[in-house]
Amino acid sequence: MFPGRFSMMDVNPRYVVERDNALQRIQHDLWPLDEIDPKKEKFPCCLVWTPLPVVSWLAPFVGHVGICREDGTVVDFSGSNMINVGNLSYGAVARYYQLDRRQCCFPPNLAGHTCKQGYQHAEFGTAVSWDDALHSSMCSFEHRNFNPFTCNDHSFVANCLNRLSYGGSMNWNMVNVGVLVLSKGQWVNSLSILRSFMPFIVMVCFGLLMVGWQFLIGISSFFLLVAGWYILATYCFNNLDEY
């Protein structure tokens, strides 16, 4: 052996393990996020939602969803081969839900997965950071055709969450993304609530005045039709590769 040189046999295995653990901790060190600022449309690591014109007038639970970078910039899939950056395509953010980056899996290698679906996650596509996952999904969806029922804004967000293996899950889709935002999302302000529900209330009042109680039957049927179609499209026609 040359002076001052060590063979691999001379290296303490304990040191190697401690070094790898230290490198992994450094790589996964998460810097603090900026505060959420609705006035500047900055929602760091948040899912964001806004009502859709016309559609949300009849079904207020239906809306447009986006996801935000670590600096708070909004990103959404707004049309065929079209990724919108900076704000939501259909209006200001009405509801948001901030995600926890500690629930993401950022593996440095195949053995470094913190989620239980290591091989599935690696095959789908991993990321080394939150923004890296969003960038990869953006590159994928900018070459996809938009379909309101099978490949839409919810699909884009689900793809991002699957790439992050958020919550240890690789089963994010249109339905559970929508349920997450609607069940846990916070309203930006009172005006957002009014903007989301006032058109629906006006439509219901007008329908009752002009048609009567039959209008409620009709609009309830519309609710069931929309919800049923999305569930059918998600669990029967799509698969994980499309997310």
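In this predicted model, His143 sits out in the open: its relative accessible area is 63%, so it counts as exposed. The residue belongs to the loop that runs between α4 (130–141) and α5 (153–164).

Turning to charged pairs, the salt-bridge count comes to two. One of them joins Glu70 and Arg101, with 3.0 Å between the closest N and O atoms. This pair ties together distant parts of the chain, 31 residues apart: Glu70 comes from the loop between β2 and β3, while Arg101 comes from the loop between β5 (95–98) and α3 (118–124). Both partners are tucked away from the probe. Glu70 has 8% relative accessibility and so counts as buried, and Arg101, at 9%, counts as buried too.

The other pairing is between the side chains of Asp100 and Arg102, which meet at 3.1 Å, N to O. Here the accessibility picture is another one. Asp100 comes out at 26% relative accessibility, so it is classed as partly exposed; the value falls between the 20% and 50% limits. Arg102, in turn, has a relative accessible area of 69% and is therefore exposed.

As for cysteines, a search through the whole structure turns up zero disulfides. Cys45 is accordingly in no disulfide, and the nearest cysteine sulfur, which belongs to Cys46, is 7.4 Å away. Cys45 has a relative accessibility of 0%, so it counts as buried. Cys105 also lands in the buried class, at 1% relative accessibility.

Helix α6 covers residues 174–184, and its buried residues are Met174, Val177, Gly178, Leu180 and Val181. Why do these residues lie on the same side of α6? They cover an arc of only 160 degrees around the axis, and that is what puts them on one and the same side of the helix. The N-terminal end of α6 is capped by Asn173, which places a side-chain oxygen 3.0 Å from the backbone nitrogen of Val175.

Helix α7 spans residues 190–210 and contains Leu191. With 58% relative accessibility, Leu191 counts as exposed, since the cut-off for that class is over 50%. Leu191 is also one of the residues in a nonpolar patch on the surface.

Methods. Residues numbered from 1 in each chain as written. Predicted model: local features only at pLDDT ≥ 70, side-chain atom pairs only at ≥ 80, totals over all residues. Heavy atoms only, no water. Buried < 20%, exposed > 50% of the residue type's maximum accessible area, 1.4 Å probe, protein only. Helix = DSSP H or I, 4+ residues; strand = E, 2+ residues; numbered from the N terminus. Arc of directions from axis to C-beta. Polar contact = N/O pair within 3.5 Å; in protein donor to acceptor, adjacent residues only side chain to side chain. Patch = residues over 30% accessible without salt bridge, like charges linked within 9 Å, V, L, I, M, F, W, Y side chains within 5 Å. Areas by Shrake-Rupley, 256 points an atom, 1.4 Å probe, with all protein chains shown as cover. Salt bridge = Lys/Arg side-chain N within 4 Å of Asp/Glu carboxyl O. Disulfide = S-S within 2.5 Å.
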